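Please keep the sequence and the structure in view while reading.

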Amino acid sequence: MISPAIEQLMREHEDTMMIPAENVANVIKEHPLEHALLLLSQAGYSTIPVLDREDHFVGLLSLNDIVKRMLGINGIDTSNLEELTVADVMKTDVPVMRLDAELEDVLHLLVDAAFLPVLDKDGVFRGIMTRREILKAVNYTFHTFERKNQETKLIFHANSSR
Ligand code: AMP
């Protein structure tokens, strides 16, 4: 269990820990794979969330999965990209988190994932929590915890010597 004092400090970073949906590059599952490949390379990310037309999260699409699909016996074959959609290639069995998830669970999941899609109770995509943002919060917490500890000791010392 994470100590409540540490959790409280981490929560001070809550506003920046999640990248909101409107700032996250995504693809719609019905989109042609060719379009998704262009979007992925333009966005500069290797993996992005896949949504349905009602903004529900349905999976993740990675550059790696597209390239694997293009690899034929004679090397790379881009012709089948026109017939395939994002839904044919995306991964659906991926870890996700709820808006009210326990910090401890989030930290465990981020050991193996670079980011977690954040969903509301109806499965609507609300944003992502990245390992990078969590690490920033952890860094802040470590430094602030020590400082606050020192301040508490000083106040205690001053009060007890009066
Ligand atoms: P970072 O921690 O910033 O390196 O991001 C880790 C991963 O999260 C990236 O490789 C992307 O797969 C995903 N990601 C981060 N920011 C965005 C974004 N704005 N839009 C889409 N995916 C993102």
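A polar contact is a pair of N or O atoms within 3.5 Å; within protein, one must be able to donate a hydrogen and the other to accept it, and residues adjacent in sequence count only if both atoms are side-chain atoms. This is a predicted model, in which local features need pLDDT of at least 70 and side-chain atom pairs count only at pLDDT 80 or more, while totals for chains, interfaces and linings use all residues. Residues are numbered from 1 along each chain as its sequence is written, and side-chain values use heavy atoms, with hydrogens and water left out.

- An oxygen atom of the ligand lies 2.6 Å from a backbone N or O atom of Thr 47.
- A nitrogen atom of the ligand is 2.9 Å from a backbone N or O atom of Ala 25, and a nitrogen atom of the ligand is 3.3 Å from a side-chain N or O atom of Tyr 45.

**Residues around the ligand**
- The residues around the ligand (those with a heavy atom within 4 Å of it) include Ile 19, Asn 23, Val 24, Phe 115, Ile 128, Thr 130 and Arg 132.

- Asp 52 is buried, with a relative accessible area of 13%, where buried means under 20% relative accessible area (1.4 Å probe, protein chains only).
- Between Asp 52 and Leu 116 there are 18 Å in space, C-alpha to C-alpha, and the two are 64 residues apart in sequence.

Key. Buried < 20%, exposed > 50% of the residue type's maximum accessible area, 1.4 Å probe, protein only.
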